[in-house]
Amino acid sequence: MTDDAVRVRGLRRSYRDTVAVDGLDLTIAHGEVRALLGPNGAGKTSTVEILEGHRPRDGGEVLVLGVDPARADVAWRREIGIVLQSTADGAELTVAEMIRHVARYFPRPRGLDETLTLVGLTDKRDSRIRKLSGGQRRRLDVALGIVGRPRLLFLDEPTTGFDPVARRRFWETVRGLDTTVLLTTHYLEEAEALADRVTVIADGRVVAEGTPDTLGRRDLATVVWRDGREQTADPAAVVARLSAAYGGQVPGLSITRPSLEDVYLDLIGGSR
Amino acid sequence: MTTLGLGSARAGVELRQFWRERDAVVFTFALPVVLLTLLGSLFSGVYPGSPVTSAQYLVPSMIAAGVASTTFVNLGVGIATDRDDGTLKRLRGLPTPPLAYLIGKILLVAVVTAAEVLLLSLVGVLLFDLPLPASPSRWLTFGWVFALGVVACSLLGVAASALARSARSAAAVMNLPYVVLAFLSGIYYTPVGALPDWVIRIGSVFPLKWMAQGFRSAFLPDSILPQEVVRSWEHGRTALVLTAWCIGGLVLCLTTFRWRGRQSS
């Protein structure tokens, strides 16, 4: 009955006396890249693990690719790709052996060469996994997440610990994928670079949702001059009006737009 | 792919990783061989009324201890490690029934255990002139003791894997009970009949003592029986105790097995 890749209504989950997820709603369309942002302890990991079918929930309605993950079966798992947060498995295997092994679980996997190219590990094909750098290991994890051609890919803080160059390369990899992605991250520039839409959660609830450039009224610029300030979607018009009023130079003029980080800190600030 | 197919794919990966991890290979294979060689060379003499030397007496017991090591210790450490390094978490996210993982482990244990038994028998034959089981019925005894012993110790290993908090502590957590049990079961001691009474009583509760006794009954002539605790191989009792541990081990597995580590419940 649903055409969405993910549909969550009123999700709840508590651990002893702390409420991790408190009535969360989330809808992700097919083909969308969605970033889930929030401070530590906001309920990101709990939410994602419930969607992955790794964690039971206390309440709410969850459909992932039309199936309740709490009743996930092998057929559903074939459509899902998971890139785990921190892994150290298969240390003694080579990159190629590990990818081939994981590919065996899926009915129509990507070829080894195609997968290696997608994540940029072609020259590490025969290296032992134990010898990979942190960034290479992460790209291998992505390779293992996408080798089965999933319709939905979970990326949980994929670039933590990356240097800037590795992070850019990784973004290229994700942009090259043709699949729905749910990304959790601490890096706002990562959300901005990858996501079609951004959901900010705090205290287990959604506090804002939108495209990266309109989230939290980010589309409004603030025009400040000596005698006043104004928020506007069309700063050029305001400046033109002021310029006419002052007969040329506007004294103390500045136009600023909040960065995604400003908006984000503002949004979660209220919950702290 | 079928569960069995995925299970054998797991076994392939498990075996590759096992052979490439030198520490594990050394611990699993070299330690029993070194112990057998040292102890066999230290003990000398022939038991009165039989052609059996102390070293020959030691070999079947050491084979039993070897089997316990490649099943109980190997599985306990292996599963704790898989839980710690993310292997189990990854598998839970893949389209596979959990049974495929266990089939992979069983095949790994089967291959490693067979290699261990061969290696220790070879050392026994080459260094200490151990005669191989002399008749089909003795081979049969060896067969069923081996089968029951492997199943019981494997199930206990799977159950005990839950005791280890991390991969790092697993080796210690698994080896301590193993070594203590080996002593209590009279593995490093000949003849078993000379063990203190309380040791025999505790040892008789656990499967290792019976597996060792069963292997001795397959390899050694009946003329050695006066050196045993009882003047009989007690095959019925051996089968009973080992079967009881198989069932108990299975129940323990089903009640204690955890896919996740303790900290991330």
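In chain A of this predicted model, buried residues account for 38% of the 272 residues. The chain is built from nine helices and 12 strands, and its C-alpha trace extends over about 75 × 45 × 35 Å along the principal axes. Of the contacts in chain A with a separation of 6 or more, 67% link residues 24 or more positions apart.

The loop between strand 6 (152–156) and helix 6 (164–175) of chain A holds Thr160(A). Glu157(A) is found in the loop between strand 6 and helix 6 of chain A as well. Glu157(A) has a positive phi, near 40°, although this residue is not a glycine. Most residues other than glycine have a negative phi. Glu157(A) counts as buried because 20 C-beta neighbours lie inside 10 Å. Thr160(A), by contrast, has 14 other C-beta atoms within 10 Å and is therefore partly exposed. Between Thr160(A) and Ile129(A) there are 31 residues in sequence and 18 Å in space, taken from C-alpha to C-alpha.

Turning to where the two chains meet, the contact involves 18 residues from chain A and 19 residues from chain B. On the chain B side, the elements that contribute two or more residues are helix 1 and helix 4 (87–92) of chain B. Helix 1 of chain B provides the largest share of that side, with six residues. Sorted by class, the side of chain B that touches chain A comprises seven nonpolar, five polar and seven charged residues.

The largest nonpolar core contains 129 residues. Residues with the most contacts inside this core are Ala143(A) and Leu183(A), together with Ala64(B), Ala152(B), Leu208(B), Met211(B) and Phe215(B). Helix 3 (residues 54–85) of chain B supplies the largest share of the core, 16 residues. Setting aside residues up to four places away in sequence, Ala152(B) touches Pro207(B), Leu242(B), Trp245(B), Cys246(B) and Gly249(B). In soluble globular proteins, nonpolar side chains tend to be buried together.

Chain B also has backbone features worth a look. Thr190(B) and Pro191(B) are joined by a cis peptide bond, with omega about -15°. Pro191(B) sits in the loop between helix 7 (167–184) and helix 8 (197–203) of chain B. Further along, the loop between helix 9 and helix 10 (235–256) of chain B contains Glu234(B). Phi of Glu234(B) is near 50°, a positive value in a residue other than glycine. Because 18 other C-beta atoms lie within 10 Å, Glu234(B) is partly exposed.

The model reaches ipTM 0.82 and pTM 0.83. Chain B has a mean pLDDT of 89, and 97% of its residues reach 70 or more. Within chain B, confidence is lowest in helix 2 (residues 22–42), where the mean is 85, and highest in helix 9 (residues 207–219), at 94.

Notes
Residues numbered from 1 in each chain as written. Chains lettered and ligands numbered in written order. Predicted model: local features only at pLDDT ≥ 70, side-chain atom pairs only at ≥ 80, totals over all residues. Core = buried A, V, L, I, M, F, W, Y, C linked by C-beta atoms within 7 Å. Buried ≥ 20, exposed ≤ 12 C-beta atoms within 10 Å, placed from the backbone. Helix = DSSP H or I, 4+ residues; strand = E, 2+ residues; numbered from the N terminus. Contact = placed C-beta atoms within 7 Å. pLDDT = per-residue confidence, 0-100. Nonpolar A, V, L, I, M, F, W, Y, C, P; charged D, E, K, R; others polar.
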